[in-house]
Amino acid sequence: MSGSKPDILWSPHHVDRYVICDSELSLYRIGSIGSAEPKAGTLPLSQETAATLLAINSDTPYMKCVAWYPKHEPECLLAVGQANGRVVLTSLGQSPNSKCKELMGREFVPKHARQCNTLAWNPWDSNWLAAGLDKHRADFSVLIWDISSKYAPDIAVPMEKIRLSSAGDTDSGLVVTKPLYELGQNDACLSLCWLPRDQKLLLAGMHRNLAIFDLRNTSQKTFVNTKAIQGVTVDPHFHERVASFFEGQVAIWDLRKFEKPVLTLTEQPKPLTKVAWCPTRTGLLATLTRDSNVVRLYDMQHAPTPIGDETEPTIIERSVQPCSDNSVISSFAWHPSAQNRMVVVSPNRAMTDFTVFERISLAWGSTTSLMWACGRHLYECAEGEGAAEKDRDIATKMRQRAQNGYGHDTVQVWRNHLLAGDLEQKQQGPKQSLIYSGIKNIVKSSSGTTENRRCWRGSDRQTDVARYQSEERSLALRLCGWIGRGPEVDVEPFLKSLELEGEWERAAAVALFNLDIRRAIQILNKGASSEKGDLNLNVVAMALSGYTDEKKSLWREMCSTLRLQLKKPYLCVMFAFLTSEPGAYDGVLYESSVAVRDRVAFACMFLNDSQLPRYIDKLTNEMKEAGNLEGILLTGLTKDGVDLMESYVDRTGDVQTASFCVLMGSPGDVVKDTRVQCWIENYRNLLDAWRFWHKRAEFDIHRSKLDPSSKPLAQASDHT
Amino acid sequence: MVSVINTVDTSHEDMIHDAQMDYYGTRLATCSSDRSVKIFDVKNGGQILLADLRGHEGPVWQVAWAHPMYGNILASCSYDRKVIIWKEENGSWDKMYEYTGHDSSVNSVCWGPYDFGLILACGSSDGAISILTFSGDGQWDIKKISNAHTIGCNAVSWAPAVVPGSLIDQPTGQKPNYIKRFVSGGCDNLVKLWKEEDGQWKEDQKLEAHSDWVRDVGWAPSIGLPTSTIASCSQDGRVFIWTCDDPSGNTWTAKLLHKFQDVVWHVSWSITGNILAVSGGDNKVTLWKESLDGQWACISDVNKGQGAVSSVTDGQQNEQ
């Protein structure tokens, strides 16, 4: 505490109290912000905590150092060392009938006045207070006072000593001039601390050495010459380990080998002002230099093992900036019990409550939970139950799906599954091998295409729209789900099912593409009057009913401009179709919000033999690049399909869907692809890690049914 | 989207350095500065202490579970320079092997993929990496890479078993010819890749990007394709994602995931390698995911408030 720079001290026993001392002493209580209304005089220390000023004591001028009485009672008893060497007992926020009332104001006066540099209460015999003073050639620099010298000597202090020490206070009753012990003649003492090893051992930073005084024999002292004599402090976790400093350098001592420091920490550019061991954690030393905004931490966890001295201890250095505004730190104090917590104070008395965060170790478990160790605490984290489906990690999804029997049995599962919605088609149909090879290949093999111009259904009006038909094109339409099996090209069942699902716009579009405006209008009307129906559909129906193929008509002009404002993609493509020149349907074909199967079906109806493969190729590549599973429709389960699946897996990591897709309808060769094997193995490993033995067995059975060559690898026995 | 669901009371007397779930996620192993290793049964959200393993004479830095096909085996490494391999037999845990071949603190242990047999890599402050292989008859075969990292090795992580060529090309019944590889990070600010060739370990790659000690490295599980991905983090606050598409494994490209304000302690990949968890000195655990266009984005950020670590004092440990 040099000059009026504030220092800070935690109460040794009241975990919510500390004192700031500069020219006066201020007692604060720290509490959480949430627990009480913010009151006047409450100072926020962090986001969660605030301090309340409880008391101020300005009775003791010329303060040089302060030490808090180490015992529970009397609480808030402080010893203050003054510039003239006197030590005064004082207190803060004391109740008037407190036990320590008679101690208040007691002064301990050295023979010769000089600055008191440091104070240390004996942790066992709390009546003993050691004071370290500047040098005086005719006096001692370490004085041990007995604060009880006037009152009930309930401890075994020799009667003679009590008599001696009480000699001077006959006049005032408050001034003690005779110390219990006097040590370090003609020397200076800059820092002091009692050694936990023995209540009669005092470690002192003297003028040019560190000395251990043994009060049982005061003529003896152990000492070591060093410049690092400031701020001596014993590691609370390893009582043989002591830190002291000189200018920018910290020396760490082992009292068992007191000849030289066991290590010196990297020198800091500015002089140190405070060095303190963390009381809640082993081997963590915090240091502060002058005018600095960081606290430098040295993690010496590993040093005090009983290995001996050959090991070079690894020290992890770290700097922390406790103040969010980067302001300079005047002093800091560790909280006596809260893990790694400290309060720092700035020169203008601004205070910050701060916790030094430890190394956090992390490890994922197999069920997407994360173990997280921090200090002595261990947390388990997981994706919350409430997380939206789409936000969940693929591993969580796959695990859930596996649990629900995903992919194992029925076609229905696939129907329900968004991504694999088309694959069930592949299970049926006459041209089995062709079906598996995807629409891309089907279309390529197409021959004997006929072109016809049909009338709008229910009207005699000729369309100038050419529609193409072939066996392969019909097969493609089937795969797209537009028509059922059989020779008839009848979309009615499909329309009905769409209506049932409330997909009004889509149904209307399909009807329209089948040149049935009436049906389209009827669907839209139905949609508008359905529950939660969109009345706008009626407006669309109205617009449709005005259709004219007259090129220059106002209707056409309005539709081609207004359709771009339609938000629903299916409505948009309907008008695109109606306003397109025959054969130029880019407005429909490249509307990416329209399902691939609908666009493909559309293409199969309205693109000629040269346009169609070009379009399908282009679309296939797009799907492959994007890893869009809808594209499986085009590629089938060919090498192309695996390529597509590959980009899907790369993108999502969903080996489950990939494995099942391939296994569901694989003609054999594809399953042997390395990539496919890799997905399958990975998925089996996941099932193992989740302990879904049955699911894995089912998967293997399923797999061997479809791919008889795959005998499950011999299983290593599981020790569980 | 990720939140703290459980606080495990380990009753460790000092800082916990590592906590690892076993393969099935039913057992938890923890280790601490209090020199102990503890094993808990954490099935169904409970926590029952199964074993308190004493044997180390210094802080225990890391634990690692072997694949369950070899039984319940746990490796631990400590400042006391030892690596201990523990095995459970008839419900009781005993030392299976104690390795004392390092001259300084052993900072990291990692079991190789089960396809390689029981094989353990250990990284030490003496700069060396040891590879211990169980030879079956109770013997452990030891290979040591001296001077792998000057000043010390902080982390090791195995590459997933990747088979060169196709699975079906392998003659049936014969073990596929795997390439053994792992990654290490050290105090020389380097990330190094190691590869076994003709029974000898050789430095395969040296990846330079960090400007301070590399604290942790993690080789991502490969699900899907044999593209290799490694995450590394450092005292310099940076996390890099290294990828290699080249089948020969020679061309690695680094992408900066993020630059944090404080040291980054650990990186950990989720089971499918889809999410990377990163822990830093700012007391945050952040989760990262690669977007479709190859950019890494932070998807979750668990810190005080949820984890309440910053406000946890000894009196209030039961936040949910």
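Me: In which helix of chain A is Met558(A) found?

Reply: This is a predicted model. Met558(A) belongs to helix H11 of chain A, which covers residues 554–562. Together with Leu554(A) and Leu562(A), Met558(A) forms a nonpolar surface patch with about 290 Å² of accessible area.

Me: Is Met558(A) buried, partly exposed or exposed?

Reply: Its relative accessibility is 39%, so Met558(A) counts as partly exposed.

Me: How is a pair of aromatic rings described?

Reply: Such a pair is described by the distance between the ring centres and the angle between the planes. Over all chains, the structure holds 32 aromatic pairs. In one of them, the centres of Tyr585(A) and Phe602(A) are 5.3 Å apart and the planes stand at 85°, so the pair is edge-to-face. The two residues are 17 apart in the chain: Tyr585(A) is in the loop between helices H12 and H13, and Phe602(A) is in helix H14. Tyr585(A) is buried because its relative accessibility is 2%, and Phe602(A) is buried at 0%.

Me: Which aromatic pair joins two chains?

Reply: Trp693(A) and Tyr24(B) form an edge-to-face pair, 5.5 Å centre to centre with 85° between the planes. Trp693(A) lies in helix H20 of chain A and Tyr24(B) in the loop between strands E2 and E3 of chain B, so the pair joins two chains. Trp693(A) is partly exposed at 31%, whereas Tyr24(B) is buried at 5%.

Me: Over which ring does the charged end of Lys221(A) sit?

Reply: That charged end sits over the ring of Phe223(A), 5.3 Å from its centre.

Key
Residues numbered from 1 in each chain as written. Chains lettered and ligands numbered in written order. Predicted model: local features only at pLDDT ≥ 70, side-chain atom pairs only at ≥ 80, totals over all residues. Heavy atoms only, no water. Patch = residues over 30% accessible without salt bridge, like charges linked within 9 Å, V, L, I, M, F, W, Y side chains within 5 Å. Areas by Shrake-Rupley, 256 points an atom, 1.4 Å probe, with all protein chains shown as cover. Salt bridge = Lys/Arg side-chain N within 4 Å of Asp/Glu carboxyl O. Helix = DSSP H or I, 4+ residues; strand = E, 2+ residues; numbered from the N terminus. Buried < 20%, exposed > 50% of the residue type's maximum accessible area, 1.4 Å probe, protein only. Phe/Tyr/Trp six-rings, centres within 6.5 Å; stacked < 30°, edge-to-face > 60°. Lys NZ or Arg CZ within 6 Å of the ring centre and 35° of its normal.
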